[in-house]
Amino acid sequence: QVQLAESGGGSVQTGGSLRLSCAVTGVGARTVSLAWFRQIPGKEREGLAVLSAFDGGEYYGASVKGRCAISLDNDKNTMYLQMNSLKPEDTATYFCAADPRPKSAVSGVTANQYMYWGQGTQVTVSA
């Protein structure tokens with residue numbers, strides 16, 4: 001059974017950095033497409049970053065491009081999202097997701113393409 005567990009959220013001031021982790025169990029992380037999403041109450045989940053096992057590509061959403069980096073540690077079977085220059089509008093619950101079906105990084109940015117989800121970790125950025 002595939003399980004995902006996020007960690008690393010917290011409270012930071014504007015301009016600060018956080019590194020979110022997503023521990024993957026039940027499947028080799030390198031064999032599935034992985035992604036980070038975030039959600040504000042009352043709004044749809046927003047795709048932030050995708051790492052495709054299909055084409056090896058990466059994709060970043062416009063709201064985080066240039067400020068975030070997705071990476072994978074195969075030895076630890078863990079995915080990361082390094083977030084820099086954080087803004088108050090980055091405040092949200094952050095989720096990691098995984099899916100075994102082939103998809104390119106660019107096409108894998110919508111929530112309905114992912115079968116497995118973590119429980120989420122809260123990020124709060126104060127002004």
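Let's start in the middle: the largest nonpolar core has 28 residues, and W36, I70, L81 and M83 touch the most other members. A nonpolar core here is a set of buried Ala, Val, Leu, Ile, Met, Phe, Trp, Tyr and Cys residues joined through side-chain atoms within 4.5 Å. Buried means under 20% relative accessible area, exposed means over 50%, and partly exposed is in between (1.4 Å probe, protein chains only). The elements giving two or more residues to this core include β4 (33-39), β7 (68-73) and β8 (78-83). Strands are DSSP runs of E with at least two residues, numbered from the N terminus. A second, separate core of 6 residues includes A35, F37, V50 and A97. In soluble globular proteins, nonpolar side chains tend to be buried together.

A quick word on the source: this is a predicted model, where local features need pLDDT of at least 70, side-chain atom pairs count only at pLDDT 80 or more, and totals for chains, interfaces and linings use all residues. Residues are numbered from 1 along each chain as its sequence is written, and side-chain values use heavy atoms, leaving out hydrogens and water.

Now for the charged side chains. There are 5 salt bridges, each a side-chain nitrogen of Lys or Arg within 4 Å of a carboxyl oxygen of Asp or Glu. In one of them, R38 pairs with E46, with the closest N and O atoms 2.9 Å apart. R38 is buried at 8% relative accessibility, while E46 is partly exposed at 28%. D90 and R67 form another, at 2.8 Å from N to O. This pair links distant parts of the chain, 23 residues apart. Together, R38, E46, R67 and D90 are linked in a network of salt bridges.

Note on methods. Helix = DSSP H or I, 4+ residues; strand = E, 2+ residues; numbered from the N terminus.
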